[in-house]
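Open the model in your viewer and keep the selection tool ready.

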Amino acid sequence: LAIILVVWVGTKMLQHWRARQLFDDAMQQGSLGLLEKAEKNAWKAWQIDPSLPEALGVAAQFAAQQNRYAETIQYLDNLDLNDPLLSQELKEMALHLRGDAHQSLGAISNSERDYRSLLALNPNHAAGSLSFAKLLGTCGRRDETIPLILRLVKLGAAGDLLMLLARESGAIQNEAYLKRATKQL
């Protein structure tokens, strides 16, 4: 029994070491612009050692940088965002990135769900508030956009969204995006 335990522990340690190597390689490859290779290595790292959830986050980021939003979502869907051991930073990044990916694919309701979850987790997440305000503005939901814009003003990150408040319709004009999103319904 002791031998089996030693072999099992040794195997787990070797798997963790190999996953860590792949993850480190992915980070280096990503910094060199080798995004596809970096993404694959980060994904492999997580497959070898699921106790390395940051590898999923990195794989998702690299997929998003390649405009591969369906894959971005698939990676992030493997994260258990209710896991208390998952860092706040990783949860926020995952919700924001997944919201952006859904938005890019025209899945407005999924994007809204992710942004709302993100802002429930961290109401002062400036980038998430900005993304959500733009989504609501594109949908012409001015009344819902105003509190987000005001929060962004307080955070010093409102940028050109203040123009939404000045427009009579309060909408961002993006007819092509809305037509694509309608096809997702």
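**Stop one: Asn122**

Select Asn122: leaving aside residues up to four places away in sequence, it touches Gln88 and Glu92, where contact means heavy atoms within 4.5 Å. This is a predicted model, in which local features need pLDDT of at least 70 and side-chain atom pairs count only at pLDDT 80 or more, while totals for chains, interfaces and linings use all residues. Numbering starts from 1 along each chain as its sequence is written, and side-chain values use heavy atoms, with hydrogens and water left out.

Asn122 sits in the loop between α6 (108-121) and α7 (126-138). Helices here are DSSP runs of H or I with at least four residues, strands are runs of E with at least two, and both are numbered from the N terminus.

**Stop two: α4 and α5**

Select residues 69-77 for α4 and residues 88-104 for α5. Their axes come within 9 Å and cross at roughly 145 degrees. Axes are lines fitted to C-alpha atoms, for helices over the stretch in contact, and angles run from 0 to 180 degrees between N-to-C directions. The crossing is left-handed: the near helix is turned anticlockwise from the far one by less than a right angle.

Show side chains next. On α4, pick Tyr69, Thr72, Ile73, Leu76 and Asp77; they meet Ala94, Leu97, Arg98, Ala101, His102 and Ser104 of α5. Six of the contact residues are nonpolar, three polar and two charged. Nonpolar covers Ala, Val, Leu, Ile, Met, Phe, Trp, Tyr, Cys and Pro; charged covers Asp, Glu, Lys and Arg; the others, Gly among them, are polar.

**Stop three: α3 and α4**

From α3, Leu56, Gly57, Ala59, Ala60, Ala63 and Ala64 meet Tyr69, Glu71, Thr72, Tyr75 and Leu76 of α4. This contact divides into eight nonpolar residues, two polar and one charged.

**Last stop: the whole chain**

Zoom out. The protein chain has ten helices and zero strands. Of its 185 residues, 41% count as buried, meaning under 20% relative accessible area with a 1.4 Å probe, protein chains only. Among contacts with a separation of 6 or more, 50% join residues 24 or more positions apart.

Key. Buried means under 20% relative accessible area, exposed over 50%, partly exposed in between (1.4 Å probe, protein chains only).
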